[in-house]
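Q: Hey, I've just opened this one and I'm new to it. Can you walk me through a couple of spots?
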Amino acid sequence: MVPACYPGEVVDTLGQCAARCLDEPVWPAAIMLGNSSVVNSTPAASLRCAAFIFNAARGLCLRLPETGKYTKMLPLMHNFTDAKGWTHWLSRYDESVQKCSAETLEKISQGGFELVRVLKEKTRGRAIVKCPKTGATHKVSCYERECNGDPWCFVPNSCGSWMRGCRKQLPEPRDMLP
């Protein structure tokens, strides 16, 4: 693929920037300017939005494909009360993000746990399981980065919301031991 530059777009809110990332392909500037050789050499998969960068003070949204999803713009925004600088967001619907595979869900079942529900249907990276012996329920993660390289692990029930990342819970919850 030809290296590309991606233009910023004027938007009013972070929500509008996120919606564009979900709903629209990412067009390199050369395509927007009508360079047909870039259009013909750009695979459709590379046009999916994998991340976006937003600057509230300037009202700018920069949507990025997979190849540019770790691009950083400076200065970074450090707090929401003084909205100067850039915030960086990875798309939750990015297909390269690991999900709970059928094989991992089977391993959880083989461990003696009943799958109650998979959380966040679009990402399918965490679930609630039940211990048949005690009836207790607990959150598990299938993200290897949260599980120190393991295919799945218990994580705190309260994790996963904004600014509350999940990490492997050690020791494992007593009421969930087989």
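This is a predicted model: local features need pLDDT of at least 70, side-chain atom pairs count only at pLDDT 80 or more; totals for chains, interfaces and linings use all residues.

Q: Okay, helix H4 then. Which of its residues are buried?
A: H4 runs over residues 102–110, and its buried residues are Thr104, Leu105 and Ile108. They sit on the same side of H4, because they cover an arc of only 100° around the axis.

Q: And which residues are exposed on the other side of H4?
A: There you'll find Ala102, Glu103 and Gln110 exposed.

Q: What do the buried residues of H4 pack against?
A: Three strands: E5 (114–119), E6 (126–130) and E7 (137–141).

Q: What about Gly112, where is that and what's its phi?
A: Gly112 follows H4, and its phi is positive, near 95°.

Q: Switching topic: where does Ser141 lie?
A: Ser141 is in strand E7.

Q: Is Ser141 buried or exposed?
A: Ser141 has a relative accessible area of 0%, so it counts as buried; the cut-off for that is under 20%.

Q: Which side chain does the side chain of Ser141 make a polar contact with?
A: That of Glu146, at 2.5 Å. Also, a polar atom of the Ser141 side chain lies 3.1 Å from the backbone nitrogen of Tyr143.

Q: Which residues does Ser141 touch, leaving out those up to four places away in sequence?
A: Going along the chain, Ser141 touches Gly125, Arg126, Glu146, Cys147, Pro151, Trp152, Cys153 and Val155. Glu146 is the one whose side chain also makes that polar contact with Ser141.

Notes: Residues are numbered from 1 along each chain as its sequence is written. Side-chain values use heavy atoms; hydrogens and water are left out. Buried means under 20% relative accessible area, exposed over 50%, partly exposed in between (1.4 Å probe, protein chains only). Helices (H or I, at least four residues) and strands (E, at least two) are DSSP runs, numbered from the N terminus. The arc is that of the directions from the helix axis to the C-beta atoms. Contact means heavy atoms within 4.5 Å. A polar contact is a pair of N or O atoms within 3.5 Å; within protein, one must be able to donate a hydrogen and the other to accept it, and residues adjacent in sequence count only if both atoms are side-chain atoms.
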